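The exercises below concern one structure, shown next. Work through each task before reading its solution.

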Protein chains: 2
Amino acid sequence: MDYKQAGVDYAKIDPLKILAQQAAASTAGHLAQHGLTEVVASRGESAYVVDCGEFYLASITECLGTKALVADAMRAISGRTHYEQIAQDTLAMAINDLITVGATPVSVHAYWATGGSDWFDDAERARDLVAGWKAACDTCGVAWGGGETPALAGVVAPDRIDLAASCVGLVRPKSRLTLGEKLAVGDAIVLLVSSGIHANGVSLARKLAEQVDGGYAARLADGTRYGEALLAPTVLYSPVTEALAAAGVVPHYAVNVTGHGWRKLMRHPASFTYRFHRLPPVPQVLRFIQRHAQIDDREAYGNLNMGAGFALFVAPAEADRVVQVARACGIDAWVAGRVEAGPRRVVIEPLQLTFGGGDLRVRA
Amino acid sequence: MDYKQAGVDYAKIDPLKILAQQAAASTAGHLAQHGLTEVVASRGESAYVVDCGEFYLASITECLGTKALVADAMRAISGRTHYEQIAQDTLAMAINDLITVGATPVSVHAYWATGGSDWFDDAERARDLVAGWKAACDTCGVAWGGGETPALAGVVAPDRIDLAASCVGLVRPKSRLTLGEKLAVGDAIVLLVSSGIHANGVSLARKLAEQVDGGYAARLADGTRYGEALLAPTVLYSPVTEALAAAGVVPHYAVNVTGHGWRKLMRHPASFTYRFHRLPPVPQVLRFIQRHAQIDDREAYGNLNMGAGFALFVAPAEADRVVQVARACGIDAWVAGRVEAGPRRVVIEPLQLTFGGGDLRVRA
């Protein structure tokens with residue numbers, strides 16, 4: 001879910017590439033009309049950025065994906081709706097992308113499209129969704145500005161919900177803008193802990209539930225049920241980026257690790273080699289998936305976060321401080337790698353694994 | 001689709017009202033942390049507004065609804081996808097709400113959730129959607145910042161698409177803020193022409209297609225097919241509000257006429273009587289619906305736009321100028337009513353019809 005250029009997923013609609021590029025091209029004129037300027041480098045990044053003079057405006061719309069289907073299935077097993085977790089996941093999809101450009105999240109809108117308004121007649125589930133949404137907003141210090149709850153019979157499946165979030169943020173002071181100009185050879189890469197699968201790789205995880213004994217009720221090594229472990233909500237990373245700003249630390253680049261797993265760590269447009277000497281512990285649920293789906297490390301690290309939900313690329317002298325600030329926020333972190341001169345690739349030394357530049361395609 | 005307070009549709013989730021209010025209440029503290037202030041009066045209005053010092057930031061997320069189902073059905077009859085029209089409808093849902101607070105739309109994000117990524121394999125349909133989206137952005141002078149095209153098998157129905165748009169805007173200068181403080185007895189009400197059903201009342205229109213001879217292929221009096229007339233895209237009104245700003249005219253209030261038809265004209269929180277002496281011509285497709293669905297004027301004007309897609313409440317001395325500016329934008333307009341002291345109600349004199357304050361419930 002990271003193909004941003006003019007809203008078009010090039011992997012799916014290659015014939016439309018030219019048109020989408022025209023759309024992007026016409027933008028500059030539109031903004032100039034209002035005395036604003038597009039930050040061109042934000043095209044292809046995780047959030048769209050406009051220069052408003054005193055500060056930058058960043059915006060994004062992100063979708064949960066199909067993780068709510070796991071909650072729906074788990075309810076029969078756990079007796080809980082799990083929608084407070086699902087709500088946090090949805091917010092996290094938007095917030096964790098928005099903050100990569102250096103923005104402070106200001107306000108969010110909820111998009112909750114159901115197959116029928118009777119979805120909300122289940123008061124427990126509706127209450128959990130609202131409570132989880134509010135709690136996630138509170139964690140991120142973001143205003144819940146409103147939203148949309150359309151009933152879309154015939155479009156959304158009966159008793160299902162399509163969840164998305166849009167988020168607006170400000171980059172202020174403008175020196176906080178993190179679009180990658182600052183990234184340099186020698187920078188340290190700090191990885192922030194993930195809570196599990198987050199909301200990427202969920203289709204694989206759901207398919208697996210049909211194949212393993214016990215399905216979602218299967219037990220991991222620590223006794224947790226597979227489905228419950230899957231539903232550990234995505235970590236919200238904005239407390240870390242805000243704490244860093246308060247501490248005067250401006251990352252040189254940031255990556256929200258999502259559907260492309262560790263391949264996404266070479267998202268930056270320039271050619272650098274990202275060499276990792278250390279791996280975060282792999283969440284049990286991801287080990288379980290890897291073992292039962294019989295996928296090798298290349299496929300696992302190339303598609304799942306494998307314990308690293310977010311990456312901060314920082315000046316080497318600040319790396320330890322970044323780790324301290326993250327831990328003070330209750331989010332574990334490790335100085336795990338460094339940026340080197342060399343071809344665009346991710347080298348994971350402990351696994352003797354390399355992803356080349358051609359393995360990632362998130363830009364036009 | 002106008003229940004905005006903290007994203008919760010109170011008509012559906014009354015038990016959650018208190019919680020949602022708490023969410024709204026906690027917002028002030030969050031924004032203060034960032035040196036920002038919520039414009040409290042925007043809660044309950046069509047867009048959420050935050051005071052950023054030099055200007056106001058407005059944001060919104062809006063859904064198309066089920067109108068794409070009409071396009072899907074009409075394709076077999078017309079041989080066209082109609083998705084360039086559907087794209088404009090989707091943008092209009094967001095833009096026309098955002099501009100009611102006085103904002104200039106700056107950037108939009110597309111939300112195109114499908115039942116499977118093969119939706120985009122239909123190149124003609126995909127191209128029409130992109131082209132229509134781009135054209136609508138161009139009409140409104142808004143930057144297409146990006147978007148999301150998730151494939152949601154199991155959530156969105158096969159070969160269907162859930163379309164939404166989020167939009168960010170700036171109110172600049174701040175004197176353009178239109179939250180209703182300026183509305184006064186004696187103000188004139190200028191109505192702007194609609195193109196047809198827009199995207200509200202579509203469920204009724206779809207149901208009717210199952211009942212009338214010929215369905216979507218039925219002919220209106222002017223020979224147009226019912227389905228084609230339904231698909232006339234929603235008028236984009238931001239060229240008018242921008243032209244008014246350029247002409248130095250600041251409306252005292254604005255209403256995007258949507259799902260509550262003319263009842264929405266008393267959306268303003270204060271008690272005023274809105275008296276109309278003139279009606280815009282009723283689009284043929286709405287006359288067709290009214291006749292075949294056998295609904296009276298109360299139901300028709302209480303739920304459909306009946307020819308008035310947008311309302312501007314302005315100082316009486318500026319009313320004629322507003323009409324001229326709108327017409328110069330190619331959007332017909334009429335000085336159709338006035339604001340009077342009196343109980344909260346909409347009085348439509350030519351029809352001897354009155355909607356009382358209790359007939360509208362779009363606020364908490």
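**Exercise 1.** Among contacts in chain A between residues at least 6 apart in sequence, what percentage join residues at least 24 apart?

*Solution.* The model is predicted: local features need pLDDT of at least 70 and side-chain atom pairs count only at pLDDT 80 or more, while totals for chains, interfaces and linings use all residues. Residues are numbered from 1 along each chain as its sequence is written, and chains are lettered from A in the order in which they are written. Two residues are in contact if their C-beta atoms, placed from the backbone, lie within 7 Å. With that cut-off, 81% of the contacts in question join residues at least 24 apart.

**Exercise 2.** Describe the overall build of chain A.

*Solution.* Start with secondary structure, taken as DSSP runs numbered from the N terminus (helices H or I, at least four residues; strands E, at least two). Chain A has 10 helices and 13 strands. Its radius of gyration is 20 Å, close to the 21 Å of the globule rule for 364 residues, so chain A is as compact as a globular protein of that length. The radius is taken over C-alpha atoms, and the rule is 2.2 Å times the number of residues to the power 0.38. Along the principal axes, the C-alpha trace spans about 50 × 50 × 45 Å.

**Exercise 3.** Which residues of helix H10 (residues 319-328) of chain B are buried, and what covers them?

*Solution.* A residue is buried if 20 or more other C-beta atoms, placed from the backbone, lie within 10 Å of its own. In H10(B) these are B:Ala319, B:Val322, B:Val323, B:Val325 and B:Ala326. They cover an arc of only 165° around the axis (from the directions of the C-beta atoms), which puts them on the same side of H10(B). The cover includes helix H7 (238-246) and strand E11 (333-340) of chain B.

Conventions. Buried ≥ 20, exposed ≤ 12 C-beta atoms within 10 Å, placed from the backbone.
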